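Please keep the sequence and the model in view while reading.

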Amino acid sequence: MLERLLRRLSIISGRNSSVGAQSFPLTLDTGSSDLWVISNECDSADCANVARYSRAFSSNLSISQTPFHIDYISGSVSGLVASETVSLGPYRLLSQVFGLANSTDNINFSSEGNSGILGLAFPSEASMSGMTVLQSIFGGLADPYFTITLGSKLNVNSPSSFTLGQLDRSYATDFSAFFSIPVSKAGANDYTYWKIPLLYLTINSTRLSLSPSSIQGIQGSQIAVLDTGTTLALGPTRDVQAFWSSVGSAARNDPITGTWQVRCEKALIVGFVFGQGSSYKEFLLDPADISWEEEQSNNGWCLGGVQANDEVDSGDWLLGDVFLRNVYSLYHAANSSSGPWIGLISTTNRENALTAFRQNRGPDSNSLSSPVIQISSVVASGIRYKLLYGISTLCGFIGGAVLVTLFRARHRLSAAFGKRKQK
């Protein structure tokens, strides 16, 4: 199945995709595992102005008396566990478990138009008993995988795509085109999220070494989680401070919001290097993803695409749309021949990205004014970062100054810029 969407990777919106007899736009989220939709019994402000599930249009709905509740950093959702026929492209899932949300708080779907979430993480993270949507679909596939690509931030006409069990042939015709990396169990006994080893970063071709991983039981490389429900790239305070300190006077930390900012005209070519042992590869980010120019830009200062977050337990970094816009990503579940793995293809050309950035932002009045600071010489500032939160709508471009995240949170709900399911 291949669904091509130009602005928003919201699914279950066409005639061939539905929950029962009703179609809904849903957020695709690699940071959670459950499917839920808003019920017409929800009278929360978040539920206004969005399509809602109605029992009147279904003859196959079965509602249990089992409640579900999910806490996010940005809010929460609760309701009853149910089952229904779910159609997704050519896949028709009978008695598929999902959640009917009767109450939401601070989810902000009313401003985005989405009606729920389709989780794409591993089954171990599901809140509801029964097969997840991915389990139901993957059970019938010899090659159980899905792929995602997001459109460019500067090019609003660049397409996004989501596929199940099939490649988007405009990016790849077979698996050999991907740089493949085994998924890590780091910090857990089972596979939870789509985690891979992050070796180091580069800034304008200069290497920035990273501190040791904070994940329990992990020695060596840090762990990155690919999360379509997070907007920015979120990493440890110590490493993020070293990152922005290397930029010199073109970067600053806002004392009011605690966010890192960069001059809007400053072009930074940032690379994330993944791999294990002698097998590694760098993936470059468009400078427009590192310098977020919005209407709210403050006197030439833009929000930085890399921000700090020390309250992540399952990974050192959450790599959201800032990173994912620059790759074609493949998420392959375990089968008889291998464990789960992630495949990446770079979609950002350095020269083309710089040219587009210059055309949009103008000349760079700043040059890289200080060398990269080694991690051993950096002392964490201890600043507590505070920002607004919202739910991401998995799209090629997410506007506004509100940062968006969608990782499940359990126990502690204190992670700035991101959410994390705590174990």
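A charge is said to sit over a ring if NZ of Lys or CZ of Arg is within 6 Å of the ring centre and within 35 degrees of the ring normal. Lys185 meets this rule, lying over the face of Tyr191 at 5.0 Å from the ring centre, and the charged end of Lys281 sits over the ring of Phe283, 5.9 Å from its centre.

The model is a predicted one, in which local features need pLDDT of at least 70 and side-chain atom pairs count only at pLDDT 80 or more, while totals for chains, interfaces and linings use all residues. Residues are numbered from 1 along each chain as its sequence is written, and side-chain values use heavy atoms, with hydrogens and water left out.

## The chain as a whole

The secondary structure comes to 5 helices and 28 strands, where helices (H or I, at least four residues) and strands (E, at least two) are DSSP runs numbered from the N terminus. Of the 423 residues in the chain, 58% are buried; buried means under 20% relative accessible area, exposed over 50%, and partly exposed in between, with a 1.4 Å probe and protein chains only. A contact means heavy atoms within 4.5 Å, and among contacts between residues at least 6 apart in sequence, 72% join residues at least 24 apart.

## Aromatic rings

A pair of aromatic rings is described by the distance of the centres and the angle of the planes. Here, rings of Phe, Tyr and Trp (its six-membered ring) pair if their centres lie within 6.5 Å, and planes under 30 degrees apart count as stacked, over 60 as edge-to-face and the rest as tilted. A search of the whole structure finds 20 aromatic pairs. One of them joins Phe122 and Trp194, whose ring centres are 4.4 Å apart and whose planes stand at 40°, so the pair is tilted. These two residues come from distant parts of the chain, 72 residues apart, with Phe122 in the loop between strand S9 (116-119) and helix H1 (133-138) and Trp194 in the loop between strand S12 (179-182) and strand S13 (195-203). Phe122 and Trp194 are both buried.

Another tilted pair is formed by Phe179 and Phe283, with 6.3 Å centre to centre and 50° between the planes. Because Phe179 lies in strand S12 and Phe283 in strand S20 (residues 279-285), this pair ties together parts that are 104 residues apart in sequence. Phe179 and Phe283 are also both buried.

## Disulfides

A disulfide is a covalent bond between the sulfur atoms of two cysteines. In this report the term is applied to a pair of cysteine sulfur atoms within 2.5 Å, and by this rule the count comes to 2 disulfides. The table sets them side by side.

| Disulfide | S to S distance | Angle about the S-S bond |
|---|---|---|
| Cys42 and Cys47 | 1.9 Å | 65°, right-handed |
| Cys264 and Cys302 | 2.0 Å | 105°, right-handed |

With bonded cysteines counted along the chain, the pattern is 1-2, 3-4. Cys42 and Cys47 are both buried. Cys264 counts as buried at 5% relative accessibility, and Cys302 counts as buried at 1%.

## A sheet beside a helix

Strands of a sheet pair through backbone hydrogen bonds, either parallel or antiparallel. Two strands are taken as paired if DSSP finds at least two bridges between them. An open sheet of 4 strands has the order S17-S18-S22-S21, with antiparallel pairing, and its edge strands, each pairing on one side only, are strand S17 (251-253) and strand S21 (291-292). Between S18 and S22, which run antiparallel, there are 3 bridges, and the bridge partner of Val262 in S22 is Cys302, the cysteine that is joined to Cys264.

Most residues other than glycine have a negative phi, and most peptide bonds are trans. Which phi does Asn204 have, positive or negative? Asn204 has a positive phi of about 50°, although it is not a glycine, and Ser205, also not a glycine, has a positive phi of about 75°. Asn204 is found in the loop between S13 and strand S14 (206-208), and Ser205 is found in the loop between S13 and S14. Asn204 is partly exposed, with a relative accessible area of 23%, whereas Ser205 counts as exposed at 58% relative accessibility.
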